[in-house]
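Here is a short report on selected parts of one structure. The model comes first, then the details.

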Amino acid sequence: MQISSIIRRAVAGVAAASMLVAVAACGTSKDNKTAGGEGSGTIEVVASINQWGSVAKDLGGSHVDVTNIMTKTNVEAHDYEPTSQDVAKFGTAKVAVVNGADYDPWASKAASATKATLVTAAETAGIKEGDNPHVWFSAKVRNNTADAITAAYQKADPSHKDDYAKLNKEWHAKEDQLESKIKDASAKTKDVPYAATESVAWYLADDLGMKDATPTGYAQASANESEPTPSDIKAFQDALKGGSIKMLVFNTQEANSTTDQITGAAKSANVSIVELTEQMPKEYTNLLDWMSALVDQFAKA
């Protein structure tokens with residue numbers, strides 16, 4: 001992530017907070033749904049990113065109305081600048097689901113200033129700012145977040161408590177199938193050294209038992225949200241050419257001249273490349289289906 005991205009994130013956070021002041025007066029307008037969806041008989045839910053929104057929908061069924069703020073893969077949440085309309089959606093929600101770990105600070109600020117019950121995915125597993133924020137790739141976080149969402153629904157709508165419990169059980173059954181698939185795939189991926197242009201899929205690779213062999217200099221630059229030096233890039237290219245890296249994970253949302261050099265070196269060395277995005281692609285409507293497809297990519301690479 002570039003320094004300019006950090007600045008944009010800070011500005012977006014301030015903007016989200018200031019927008020709430022302007023929107024607050026509109027919160028009780030008859031033209032808006034009341035918090036909790038009392039006018040429509042459903043719980044109004046807002047999710048910062050579509051992958052968590054899909055989980056929120058699966059766990060709520062017909063009892064919830066879920067709005068996703070981010071739905072496209074051409075802009076990542078780090079750099080997203082919310083509109084006043086985006087912030088207003090948090091103001092009328094009964095439940096808000098955000099990622100946390102400073103991935104979507106604009107959403108955390110917007111939600112925390114409302115009466116909505118806030119579910120922060122990263123916090124359900126003790127992941128904090130400075131840790132890897134791409135937590136939807138983690139089986140532990142998915143499980144914990146699902147339970148936190150269900151608890152929020154049962155609190156907001158106790159008359160359908162049993163329905164939410166049933167939907168939670170059904171969701172966990174699907175997650176269990178995914179984790180079984182990950183376990184089976186790990187027979188091929190365990191201890192396989194991989195490198196990444198950005199540590200977006202680190203949690204999934206860890207669940208698959210893989211070994212992160214990203215050159216130290218490049219990895220540190222990425223973690224510190226700074227540009228890798230020419231020597232960092234050369235070390236990465238040399239490692240790919242030398243055969244110590246068997247797979248390259250490439251986040252296409254962060255494609256630039258640096259990643260072009262690295263993917264070019266991987267192709268020249270016949271190193272398998274797994275391409276993925278941070279936001280859930282439009283061909284998927286379900287986080288677990290997306291994760292399952294990625295497991296297949298890792299297993300086949």
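## A buried asparagine

N251 is buried, with a relative accessible area of 0%. Buried means under 20% relative accessible area, exposed over 50%, and partly exposed in between (1.4 Å probe, protein chains only). N251 sits in strand β7, residues 247-251. Helices (H or I, at least four residues) and strands (E, at least two) are DSSP runs, numbered from the N terminus.

The side chain of N251 makes a polar contact with the side chain of E198, at 2.8 Å. A polar contact is a pair of N or O atoms within 3.5 Å; within protein, one must be able to donate a hydrogen and the other to accept it, and residues adjacent in sequence count only if both atoms are side-chain atoms. Beyond four places in sequence, N251 is in contact (heavy atoms within 4.5 Å) with T197, E198, V200, L276, T277 and E278.

## Basis of the model

This is a predicted model: local features need pLDDT of at least 70, side-chain atom pairs count only at pLDDT 80 or more, and totals for chains, interfaces and linings use all residues. Residues are numbered from 1 along each chain as its sequence is written, and side-chain values use heavy atoms, leaving out hydrogens and water.

## Helix α2

Nine of the 11 residues of α2 (residues 50-60) are buried, so the helix is largely enclosed by the rest of the structure. Its buried residues pack against β1, β2, β3, α5, α6 and α11. G61 follows α2, with a positive phi near 55°.

## R142 in α5

R142 belongs to helix α5. R142 is buried, at 0% relative accessible area. A polar atom of its side chain lies 3.0 Å from the backbone oxygen of W136.
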